[in-house]
Amino acid sequence: MTERSKQFSIKERLSSFKFAINGLRSLIRYEHNSRIHLLAAILVVVTAFVLKVTAVEWLFLIGAIALVFVAELFNSAIENLADFVSPEYQEKIKLVKNYCAAAVLIISIAAAIAGVIIFIPRFLQLLANAQ
């Protein structure tokens, strides 16, 4: 019986989550930029609770946070694979890595803009109420 033809097992499916958890642990442990993203995500979540954002705003914030982490995961995976396949310097590999880094930058900027759009009006309202 091949690996693919085994019967479906909920226990095995649940245990497969350990690979995903290990991936997240490795991301945070080895990829320094992911720690910055994690800190930003924590600050966003705390701020969202304090400012009592709406359900729709929560969806946008959670989506933005998720997209940043997904982009960082793909960036790190591609960089690690490229370094494994071609340990020596290659101009094409550099280009691929730059593209991946640019993708993370773009989604991070978009996430920051979403946060500004959601949070700034609330901060301004707090300031107006304090006066």
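Leaving out neighbours within four places in sequence, Asn75 is in contact with Lys97, Cys100, Ala101 and Val104. Asn75 itself sits in helix H4, and its relative accessibility of 8% makes it buried. Keep in mind as you look at it that this is a predicted model.

Ile78 is also part of helix H4. With residues up to four places away in sequence set aside, Ile78 touches Val96 and Cys100. Along the chain, Ile78 and Cys100 are 22 residues apart, while their C-alpha atoms are separated by 7.7 Å. Unlike a buried residue, which has under 20% relative accessible area, Ile78 counts as partly exposed, at 34% relative accessibility.

**Charged pairs**

Side chains of opposite charge can pair when their charged atoms come close. How many salt bridges does the count come to here? The count comes to two, and both are set out in the table.

| Salt bridge | N to O distance |
|---|---|
| Glu57 and Arg122 | 2.9 Å |
| Lys97 and Asp83 | 2.4 Å |

Take the bridge between the side chains of Glu57 and Arg122 to begin with. Glu57 belongs to helix H4 (residues 55-85) and Arg122 to helix H5 (residues 91-130), so this pair ties together parts that are 65 residues apart in sequence. Are these two residues buried or exposed? Glu57 is buried, and Arg122 is buried as well.

Now for the bridge between Lys97 and Asp83. This pair links distant parts of the chain, with Lys97 in helix H5 and Asp83 in helix H4, 14 residues apart. From C-alpha to C-alpha, Asp83 and Lys97 are 9.9 Å apart in space. Lys97 is partly exposed, at a relative accessible area of 21%. Asp83 is partly exposed too, and its relative accessible area is 37%. If you return to Asn75, you will find Lys97 again, as one of the residues in contact with it.

**A buried glutamate with no salt bridge**

Glu31 is worth a visit next. You can find Glu31 in the loop between helix H2 (17-30) and helix H3 (32-51). Which side chain of opposite charge is nearest to Glu31? That is Arg35, 8.7 Å away. What does Glu31 contact, leaving aside its neighbours within four places in sequence? Its contacts are Ser26, Ser76 and Asn80.

**Aromatic rings**

Two aromatic pairs are present in the structure. One of them joins Phe119 and Phe123: the ring centres are 6.4 Å apart and the planes meet at 55°, so the pair is tilted. Phe119 and Phe123 are four residues apart in helix H5, and therefore about one helical turn separates them. The surroundings of each ring can be read from its accessibility. Phe119 has a relative accessible area of 9% and is buried, whereas Phe123 is partly exposed, at 38% relative accessibility.

**The largest pocket**

Rolling a probe the size of a water molecule over the atoms shows where empty space is left. The largest pocket found in this model has a volume of about 320 Å³. Its lining is made up of 18 residues, and those that lie nearest its centre are Ala40, Val44, Ser108, Ala111 and Ala112. Which helix gives the largest share of the lining? That helix is H5, with eight residues in the lining of the largest pocket. H3, H4 and H5 each supply at least two residues of this lining.

Most residues other than glycine have a negative phi, and most peptide bonds are trans. Lys52 has a positive phi of about 50°, although it is not a glycine. Where is Lys52 found? Its place is in the loop between H3 and H4. Lys52 counts as exposed, with a relative accessibility of 67%.

Key: Residues are numbered from 1 along each chain as its sequence is written. This is a predicted model: local features need pLDDT of at least 70, side-chain atom pairs count only at pLDDT 80 or more; totals for chains, interfaces and linings use all residues. Side-chain values use heavy atoms; hydrogens and water are left out. A salt bridge is a side-chain nitrogen of Lys or Arg within 4 Å of a carboxyl oxygen of Asp or Glu. Buried means under 20% relative accessible area, exposed over 50%, partly exposed in between (1.4 Å probe, protein chains only). Lys and Arg count as positive and Asp and Glu as negative; His and the chain ends are not counted. Contact means heavy atoms within 4.5 Å. Rings of Phe, Tyr and Trp (its six-membered ring) pair if their centres lie within 6.5 Å; planes under 30 degrees apart count as stacked, over 60 as edge-to-face and the rest as tilted. On a 1 Å grid over the protein atoms alone, a cavity is a set of points where a 1.4 Å probe fits but cannot get out, and a pocket is an open set with protein on both sides within 12 Å along at least five of seven lines; lining residues have an atom within 4 Å of a point. Grid points are joined across faces, edges and corners, and a volume is the space filled by probe spheres set on the points.
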